[in-house]
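Here is a short note to read alongside the structure. Please keep the view open and follow the points in order.

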Amino acid sequence: MERRYNCQMTGFDDQQLPGFDDALLGPTGRPLSDFPRPKPLASHGPARIISLSNQKGGVGKTTTAINLAASLAEYGRKVLAVDFDPQGALSAGLGVRTHDVPTIYELMLGSIKDPHEAIVHTAFENLDVIPANIDLSAAEVHLINEVARESILSRVLDKVIGEYDVILIDCQPSLGLLTVNALTAAHGVLIPLECEFFALRGVALLVETIEKVKDRLNPAIELDGILATMYDSRTLHSREVLERVVETFGDNVLETVIGRTVKFPDANVAGAPITHFAPDHAAAHAYRQLARELIARGAAA
């Protein structure tokens, strides 16, 4: 039987894989599930904490953190996005100031005790942010001699976990102390993976790091999924990489696939999630599907 693919969720309007038509299979080669619109929550909290991690930069981590947070908030979930990257891109992408304001850095060092002093209510309903700036790059040096330094972020988030349904941590591209803190605090890990050969090489190392954290620091952590990003159905390379990812990681690869589109940088400049900047764009629909898929998998409230 001829295999046919639906590329609706690749971030391209009306793009399909060459040689196929209509819709039977998704970009991952599996039938697309119809993830239902989640029901409203009767109450909020305690949050499930999800760390978005990948030691390779430029794989769509921050873009995913911004737009997944906005999509979950759109479905009535109270969401806290923690900017844990000294570049502060998540904060900027949500229109949040990063200078001369309390940040996650002060909370990590203990110069601010109450996370509420750093939490910023964004212009988007149900979505709050703890910002970061370049000061965070000094955190690993300052924390190296701290007792239980791997669990500092966990202790910070414990103070507000009851107020949110989901807490998303946008990690910096490294496997250093900050990322270990994020993994120690998290219930689950979402790995954005660019559909490009070199992006594949570091995933095994990241999975190994997650297993070490699970064994030594956080027995409750689990892999929530691998999210294929920057997918371009027009290129053989993207299709081959995605096929190899599915062969290697199986059901850990999410059905939702995020494609390349110029709308993402446009939305970042506007300081808004794509779900608000271009709500009817295919990429906005893709992130809403991602939110529904994670909720259906039990990875989000």
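1. C195 is buried, because its relative accessible area is 4%, under the 20% cut-off. Keep in mind that this is a predicted model.

2. C171 is buried too, with 1% relative accessibility. How many disulfides does a search of the whole structure find? The search finds 0.

3. Now the sheet. Strands of a sheet pair through backbone hydrogen bonds, either parallel or antiparallel. Here, 8 strands form an open sheet with mixed pairing. Their order is β3-β4-β2-β5-β1-β6-β7-β8. At the edges sit β3 (120-121) and β8 (253-259), each pairing on one side only.

4. Look at one pair in detail. β2 (residues 79-84) runs parallel to β4 (residues 127-130), and 4 bridges join the two strands.

5. Two helices lie across β6, β7 and β8. One is α9 (residues 236-249), at about 170° to β7. Another is α12 (residues 282-296), at about 165° to β8.

6. Next, follow α12 to its contact with α1 (residues 61-74). Two packed helices are described by the angle between their axes and the distance between the axes. For α1 and α12, the angle is about 70° and the axes are 8 Å apart. The two helices are therefore roughly perpendicular to each other.

7. Which residues meet there? On α1, they include T63, N67, L68 and L72. On α12, they include Y287, L290, A291 and L294. The contact is made up of 7 nonpolar, 4 polar and 2 charged residues.

Technical notes: Residues numbered from 1 in each chain as written. Predicted model: local features only at pLDDT ≥ 70, side-chain atom pairs only at ≥ 80, totals over all residues. Heavy atoms only, no water. Disulfide = S-S within 2.5 Å. Buried < 20%, exposed > 50% of the residue type's maximum accessible area, 1.4 Å probe, protein only. Pairing = 2+ DSSP bridges. Contact = heavy atoms within 4.5 Å. Axes fitted to C-alpha atoms, helices over the stretch in contact; angles between N-to-C directions. Parallel < 35°, antiparallel > 145°, perpendicular 65-115°, else oblique. Nonpolar A, V, L, I, M, F, W, Y, C, P; charged D, E, K, R; others polar.
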